[in-house]
Amino acid sequence: MLGVVVLISGSGSNLRALLDATNNPLYPVRVLAVGADQACSGLEHAELFGIPTFVISPENFGSREAWAETLLETVNRFRPDLTVLAGFMKILPHGFVRALSPKLINTHPSLLPLFPGAHGVRDALAAGATETGVTIHIVDEGVDTGPKLAQAKLAILPDETEHELHERIKVIERQLLVSVVKDIAEHRIKLDTSK
Ligand code: GRF
C-alpha cells in the first residue's frame, strides 16, 4: 500500500478521483491526509471519506519559508510514501521541495514544457495551439520543470473557452493521475530524478 498525502487549493476533483479509486480494495493506494493552503471546497471530499484534513495558509506566517516549514512538518506527520500536488496553486520554497522530492509529484494542465505556470490552459489558447493536455511530473525546484512521468494529449476544439477546455483536460487528468499513482505504488514508475 502506498500512503499518500494530497495537497489542493480548489475544487479537488483530482483528489476525488483518487479517493474514488481507493474504494476498490485492489487499488494499492491509501490517502492518509489532505492539506490545503486555504479553506476550499475540495476538502469536503476528504471529509466525506473520513480522511484527516489540514489548512495551512501562508497569510498566517511571516515568510513563505516559515509557512512551508509548518506545511512540511504537517505532511511528514502522516509519513507519506508520496505527496501529490493536485491543483495546489502555491509555489513551494526550495527547502520543502528538497525535503520531499522525488517523492513529490504534481499534475499540470498542459503538455510541459509548453505552458508552465498558473495559466497553462489560457496560455495554450492564447498561443493558438491546436492540441494540449496534461503532464504529471516530479516536482523539482523550478516551476513545472521536473522530470515527466506521464502525459496525455487532447485536441483543442474551435472556439473553445478556457473553462470548457480546462474541464475536458480535467477528465483525462483525473484518469492519468489515478493510473500514475497506481504505477508508482506497483513500481512500474520509478521516482528517479536522473532522467
Ligand atoms: C487541475 O487542472 C490542476 O492541474 C490545475 O488546477 C486544476 C485543479 O482541479 N493546476 P481540481 O481542484 O482537482 O478540480
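**Close-up views of a predicted model**

**View 1. Arginine 79 in a loop of the predicted model.** Arginine 79 lies in the loop between α3 (64-77) and β4 (82-85). The structure shown here and in the other views is a predicted model. Most residues other than glycine have a negative phi. Arginine 79, which is not a glycine, has a positive phi of about 50°. This residue counts as exposed because its relative accessibility is 72%, and the exposed class begins over 50%.

**View 2. Aspartate 144, a second residue with a positive phi.** The loop between β6 (131-138) and β7 (148-155) contains aspartate 144. Phi of aspartate 144 is positive, near 60°, and the residue is other than glycine. Is aspartate 144 buried or exposed? Its relative accessible area is 14%, so aspartate 144 is buried, given that buried means under 20%.

View 3. Most peptide bonds are trans. Serine 101 and proline 102, however, are joined by a cis peptide bond with omega of about 10°. Proline 102 is placed in the loop between α4 (94-100) and β5. A cis bond also runs from leucine 112 to proline 113, where omega is near 15°. The place of proline 113 is the loop between β5 and α5 (120-126).

View 4. The space that the ligand takes is the largest pocket.

**View 5. Polar contacts between the protein and the ligand.** Serine 11 places a polar side-chain atom 2.6 Å from an oxygen atom of the ligand. In glutamate 173, a polar side-chain atom lies 2.4 Å from an oxygen atom of the ligand. For threonine 107, the atom concerned is a backbone N or O atom, which lies 3.2 Å from an oxygen atom of the ligand. On its own, the ligand has 370 Å² of accessible area, and the protein covers 91% of this area.

View 6. How far apart in space are the C-alpha atoms of glutamate 173 and alanine 86? They are 9.9 Å apart, while the two residues are 87 residues apart in sequence. Glutamate 173 counts as buried because its relative accessibility is 4%, and the limit for a buried residue is under 20%.

View 7. Methionine 1 is part of the segment before β1 (2-8). With a relative accessibility of 68%, methionine 1 counts as exposed. Along the chain, methionine 1 and leucine 149 are 148 residues apart, and their C-alpha atoms are separated by 20 Å.

How values were computed
Residues are numbered from 1 along each chain as its sequence is written. This is a predicted model: local features need pLDDT of at least 70, side-chain atom pairs count only at pLDDT 80 or more; totals for chains, interfaces and linings use all residues. Side-chain values use heavy atoms; hydrogens and water are left out. A polar contact is a pair of N or O atoms within 3.5 Å; within protein, one must be able to donate a hydrogen and the other to accept it, and residues adjacent in sequence count only if both atoms are side-chain atoms. Accessible areas come from the Shrake-Rupley method with a 1.4 Å probe; for residues, only the protein chains shown count as cover. On a 1 Å grid over the protein atoms alone, a cavity is a set of points where a 1.4 Å probe fits but cannot get out, and a pocket is an open set with protein on both sides within 12 Å along at least five of seven lines; lining residues have an atom within 4 Å of a point. A molecule sits in a cavity or pocket if more than half of its atoms lie within 2 Å of its grid points. Helices (H or I, at least four residues) and strands (E, at least two) are DSSP runs, numbered from the N terminus. Buried means under 20% relative accessible area, exposed over 50%, partly exposed in between (1.4 Å probe, protein chains only).
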